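Grab a viewer and work along.

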Amino acid sequence: MAVEGEGASQPPVTTTAAATTTERAIARLSRFPNMEHICDNYGDLKLEFSSSVLSSLEKYLPPEMLTANREAKAKFMSDILRKYISRSECFIAKLRNNYWQRINSEYKPLYRGWCNFDPELFLLPAFRNAISENTEESFRRIISEPFPGVLVFQMFQPDFFEKLILEVENFRKWAHETNFPIRRPNKTSKHGVILDDFGLDIMFKKLMEDFIFPICKVFFPEVCGAMFDSHYGFFIENGEDKDAELGCRVDDSEITLDVCLRKQFEGGEISFVGTRCQKHYETNIKPEEVFRYYHTQGQAILHRGRHRHGARATTASCYRANMILWCRNSLFREMETYEKEFPGWCGQCAHEKKEKESQSLAAKRKGMIRIVGGGKAQ
């Protein structure tokens, strides 16, 4: 998104000494946060960056800046952030911040418990016990793996599904009555809802960190790292007068949790067709990679976001509602750009590595035959 006037004027020319002094002042953050420091709230200041971002960064300020007034600290941190974030990104972030502020101030949730996230109220005892033990053996007691990299289990209490669906309907009703625009999970969705937008982000963060991450650390250690650092939670509906299925795709996540909240038909399986790294998204499907799973109400599926998948289109009389949680790890994404070896989790990379090893072995054998043959000739 372009910002009016962007690039219209050039910055003033400064001397080398002045530029160096300014650069040093801007870049000199502490390597480690001061955890004892109580951060200011910048919510009442008209700034291009959100209050939460500035409050998080404040702990890393150099000691001489920690005692400065709010305005000075805000300017210092804004100068730093401006080096890495474009003006258009700042503008979009401000729009979203205003969007969330209006929801927080005007929307009244049906169920206040989303923010507190009491595991005993939301999660099944068997699931909680397995996470508490935190061993591969305890996880395998509650998890089935019908296909490599596809984990299936029960995790939520039965009334969780009804509460969530009612909350979505309540939010839609409020948005309709107040003429408030609803952000959608993707460009083609007309009925989906981003659950993070109206109070469920705290629940998802705790769910991701305390309950999903321990499982992923055992089953998907190569993509989850030390901890997931962001998430994206949304609700989708497919069927008659709802959204159409998106077809085969990969998710913008390292790990995806897909929970079937409600289903009113038989069949409609999910097809998994191979994991792919960034450069192999479009490569052909191999027969041994194809796996079809019939998702049933109440079940959760956990899989890599890069595991290509798609649901069979529902018929006119069918209906499906799902809660999706994308778990992300920015360090994995950054490190992936430097990866030179074949990542073991990518099906196409594994295939190419096997082919390369076979070619190398064949070449060595051919060379040995020549050597042996030459010796006999002598």
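Rings of Phe, Tyr and Trp (its six-membered ring) pair if their centres lie within 6.5 Å; planes under 30 degrees apart count as stacked, over 60 as edge-to-face and the rest as tilted. The model is predicted, so local features need pLDDT of at least 70 and side-chain atom pairs pLDDT 80 or more, while totals for chains, interfaces and linings use all residues. Numbering runs from 1 along each chain as its sequence is written, and side-chain values use heavy atoms, without hydrogens and water.

**Exercise 1.** Classify the ring pairs Phe127–Phe153 and Trp174–Phe180.

*Solution.* 
- Step 1: a search of the whole structure gives 26 aromatic pairs.
- Step 2: for Phe127 and Phe153 the centres are 5.8 Å apart and the planes at 10°, so call this pair stacked.
- Step 3: Phe127 sits in helix H7 (residues 125-133) and Phe153 in strand S2 (residues 150-154), so the contact ties together parts 26 residues apart in sequence. Helices (H or I, at least four residues) and strands (E, at least two) are DSSP runs, numbered from the N terminus.
- Step 4: Trp174 and Phe180 have centres 5.0 Å apart and planes at 50°, so that pair is tilted.

**Exercise 2.** Which strands pair with S5 (residues 255-263), and over how many bridges?

*Solution.* 
- Step 1: strands pair if DSSP finds at least two bridges between them.
- Step 2: S8 (residues 299-304) pairs with S5 in the antiparallel sense, over five bridges; here Leu257 has Leu302 as its bridge partner.
- Step 3: S10 (residues 319-328) is also antiparallel to S5, with eight bridges, and Val259 is partnered by Met323.
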